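User: I would like to go through this structure with you, step by step. Please put it up first.
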Amino acid sequence: MIRKLAVVVLPLALSAAAPAWADDRADIDAAVTALYAPYGADAPEWDATRALHNYSKETEALIARWNKVQPVDEVTELGDFDWLCECQDWDSSAFKLTIEPHDSLVGDRVEVKARIDLGEGDGDDESRDERLLMVKEDGAWKLDDLFSESFPKGLKAALKAAIADPGAA
C-alpha cells in the first residue's frame, strides 16, 4: 500500500513543483535583467545599478560599510569601475545581456551565469562572463554575490578586503 501511494504521490509532488520553479525561473531572469537595465538606458549613470538596491541585505550592508571607509581625496581600485559591467564605458544602444539557462534552486539561492556585451564594437572583445549568486529575500530576487574576471573570489570578498584596508583596494 505504501509503495502504491509513493508511486502516485511522488509524480504529483514533482509536477506541482515544476510550475513553481518555472515561476521562480522567470522571476530570477527578470531580476537579473533589471540589474543590467541601466546599461541600456539613453543616459547611463555611473552608479545607476547601486542606486536601485538590487543587492541582498548582506551585500547592501557591505557596500554601505565600504562607502564609509572610502578615501575622500582618491579613487580606489574598487571604486574606479562599475562592478556589474566591469567597465567605465559602454555603448547603451548596443549593450546586450544573455542569461544562460540555470539550474534549480538550492533553498532560496540560485547561481545564474550571464554574458554581457558592452557594445563598444571597436574590434576588441568587449564581452564578459559572470556568475551571479541570487537570493530570494522578502519575496524578491536580489544579487548576493558576483564572480567574474574582476572578482574571482566574489564581489563580497573584494568589499571585505577593501573595508579591511581602504587604501589598498
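This is a predicted model: local features need pLDDT of at least 70, side-chain atom pairs count only at pLDDT 80 or more; totals for chains, interfaces and linings use all residues.

User: How many bridges pair β2 with β3, and in which sense?
Analyst: The pairing of β2 (residues 109-117) with β3 (residues 127-137) is antiparallel and extends over 9 bridges.

User: And what joins β3 to β4?
Analyst: Strand β3 is joined to β4 (residues 140-147) by 7 bridges, and these two strands run antiparallel. Two positions in that pairing can be named: Arg131 stands opposite Phe147 in β4, and Glu137 has Ala140 of β4 as its bridge partner.

User: How many residues lie between the strands in the hairpin of β3 and β4?
Analyst: There are 2 residues between the strands of that hairpin, and Asp138 takes a positive phi there. The value is near 50°, in a residue other than glycine.

User: Is Asp138 buried or exposed?
Analyst: Asp138 is exposed, as its relative accessible area is 69%; the cut-off for that class is over 50%.

User: Buried or exposed, in the case of Glu86?
Analyst: Glu86 is buried, because its relative accessible area is 9% and buried means under 20%.

User: Back to β4. How many of its residues are buried?
Analyst: Of the 8 residues of β4, 6 are buried, so the strand is largely enclosed by the rest of the structure.

User: How does Ala140 count in terms of accessibility?
Analyst: Ala140, which is found in strand β4, counts as partly exposed, because its relative accessibility is 29%. The C-alpha atoms of Ala140 and Asn54 are 9.2 Å apart in space, while the two residues are 86 apart in sequence.

User: Now to the helices. Where is Asp24?
Analyst: Asp24 lies in helix α1, which covers residues 2-36. Asp24 is buried, with a relative accessible area of 12%.

User: With which side chain does the side chain of Asp24 make a polar contact?
Analyst: The partner is the side chain of Lys136, at 3.1 Å. Leaving aside residues up to four places away in sequence, Asp24 touches Leu105, Lys136 and Trp141.

User: What is the volume of the largest pocket?
Analyst: The volume of the largest pocket is about 200 Å³. Its lining consists of 12 residues, and those nearest the centre are Leu78, Ser150, Phe151, Pro152 and Ala158.

User: How is that lining made up by class?
Analyst: The lining of the largest pocket has 8 nonpolar, 2 polar and 2 charged residues.

User: Lastly, the whole chain. In what order do the elements run?
Analyst: From the N terminus, the order is α-α-α-β-β-β-β-α, which comes to 4 helices and 4 strands.

User: What share of the chain counts as buried?
Analyst: Of the 169 residues in the protein chain, 37% count as buried. As for contacts between residues at least 6 apart in sequence, 57% join residues at least 24 apart.

Terms used
Residues are numbered from 1 along each chain as its sequence is written. Side-chain values use heavy atoms; hydrogens and water are left out. On a 1 Å grid over the protein atoms alone, a cavity is a set of points where a 1.4 Å probe fits but cannot get out, and a pocket is an open set with protein on both sides within 12 Å along at least five of seven lines; lining residues have an atom within 4 Å of a point. Grid points are joined across faces, edges and corners, and a volume is the space filled by probe spheres set on the points. Ala, Val, Leu, Ile, Met, Phe, Trp, Tyr, Cys and Pro count as nonpolar, Asp, Glu, Lys and Arg as charged, and the others, Gly among them, as polar. Buried means under 20% relative accessible area, exposed over 50%, partly exposed in between (1.4 Å probe, protein chains only). A polar contact is a pair of N or O atoms within 3.5 Å; within protein, one must be able to donate a hydrogen and the other to accept it, and residues adjacent in sequence count only if both atoms are side-chain atoms. Contact means heavy atoms within 4.5 Å. Two strands pair if DSSP finds at least two bridges between them.
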